[in-house]
Amino acid sequence: PTTMASGTDAMRRTGAKFRKLRTPAATPYSAVVVDAHSGKLIYAVADKQTRFPASLAKMMTLYLVFEALDSGRISKNTRIPISARAAAQPASKLDLKPADTIDVDTAIRALVVKSANDVATAVAEHLGGSEANFSAQMTARARMLGMSNTTFRNASGLPDSGMRTTARDMATLGMALKRDFPGEFGYFSLRHFERNGHIFKGHNRALDMIAGADGIKTGFTRAAGFNLATSVRQDGRAVVAVVMGAESARSRDVFMRDLIAASLPK
């Protein structure tokens, strides 16, 4: 088992590594680790620095989907229509066509595993009437959850100069998803899903690299760098951690692994 001393040493090594790494835009990482039981801050670097969320925005999209399920407004069998605007969204996507439909259960899986932008827009239009209206609802919910430095402009996390968040806010959202929707949180541990006989595989390698990892979400755009929110439960301990602005998926995942290893003993 990792001792407190060795955990501290690992944290120092992780911090040194952290300071050396840069995104393509020469922006340093931001990162935060929070005790999922107490809410105590375990580790933070630039955790309140404004960032682009990339596909971590879909965590809030899913929060509103889960709310709609809980209220009975939709069911997991509800069919969501695909508009021409949704179908035209850039990859990553399912390549859905206008007038296609997708059931809510599959839509959730597509958002978690494939990070499908066409599905995100379709969900937003279905629940909000328009993506702009849904995005305003996302921002309003963020404020209610205490995410004071977050603004959403779309449901997918695709580039928009008005989108902003912080590692601290994304950790708050991760905690809220675990707390408010324990029955649905298992979606975030999916490695793949099937639709129409086709298997879609995810790219959240942290789920396999970190013992006890049970979610949550990856994200990437050129402006944002490589982002990751991770939930880990191990030997009765639980943390939610966020890393934003990595240069590569591999460096992001390794840094997250090191952060978790150093944080759990604390």
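**View 1. Ser-231 is a residue of strand 8 (residues 225–234), where strands (E, at least two residues) and helices (H or I, at least four) are DSSP runs numbered from the N terminus.** The model is predicted, so that local features need pLDDT of at least 70 and side-chain atom pairs count only at pLDDT 80 or more, while totals for chains, interfaces and linings use all residues. Residues are numbered from 1 along each chain as its sequence is written, and side-chain values use heavy atoms, with hydrogens and water left out. Ser-231 is buried, its relative accessible area being 0% (buried means under 20%, exposed over 50%, partly exposed in between, with a 1.4 Å probe and protein chains only). Its side chain makes a polar contact with the side chain of Lys-178 at 2.9 Å (a pair of N or O atoms within 3.5 Å; within protein, one must be able to donate a hydrogen and the other to accept it, and residues adjacent in sequence count only if both atoms are side-chain atoms). Apart from neighbours within four places in sequence, the residues in contact with Ser-231 include Phe-185, Asp-214, Ile-216 and Val-240, contact meaning heavy atoms within 4.5 Å.

**View 2. An open sheet of 5 strands has the order 2-1-9-8-7, with antiparallel pairing.** Two strands pair if DSSP finds at least two bridges between them. Strand 2 (41–45) and strand 7 (213–221) are the edge strands, each pairing on one side only, and the twist from one strand to the next averages 5°. Strand 7 pairs with strand 8 in the antiparallel sense over 8 bridges, and Thr-221 stands opposite Gly-225 in strand 8.

**View 3. Helix 2 (residues 57–71) packs with helix 6 (residues 131–144) at an angle of about 90°, their axes 10 Å apart.** Helix 2 is therefore roughly perpendicular to helix 6, a term that covers angles of 65 to 115 degrees. Axes are lines fitted to C-alpha atoms, for helices over the stretch in contact, and angles run from 0 to 180 degrees between N-to-C directions. Among the residues making the contact are Met-60, Tyr-63 and Leu-64 of helix 2, together with Phe-134, Met-138 and Arg-141 of helix 6.

**View 4. Thr-150 is placed in the loop between helix 6 and helix 7 (167–180).** Thr-150 is buried, with a relative accessible area of 0%, and its side chain makes a polar contact with the side chain of Asp-169 at 2.7 Å. Leaving aside neighbours within four places in sequence, Thr-150 is in contact with residues including Thr-139, Ala-142, Arg-143 and Arg-164.

Methods: Angles under 35 degrees count as roughly parallel, over 145 as roughly antiparallel, 65 to 115 as roughly perpendicular and the rest as oblique.
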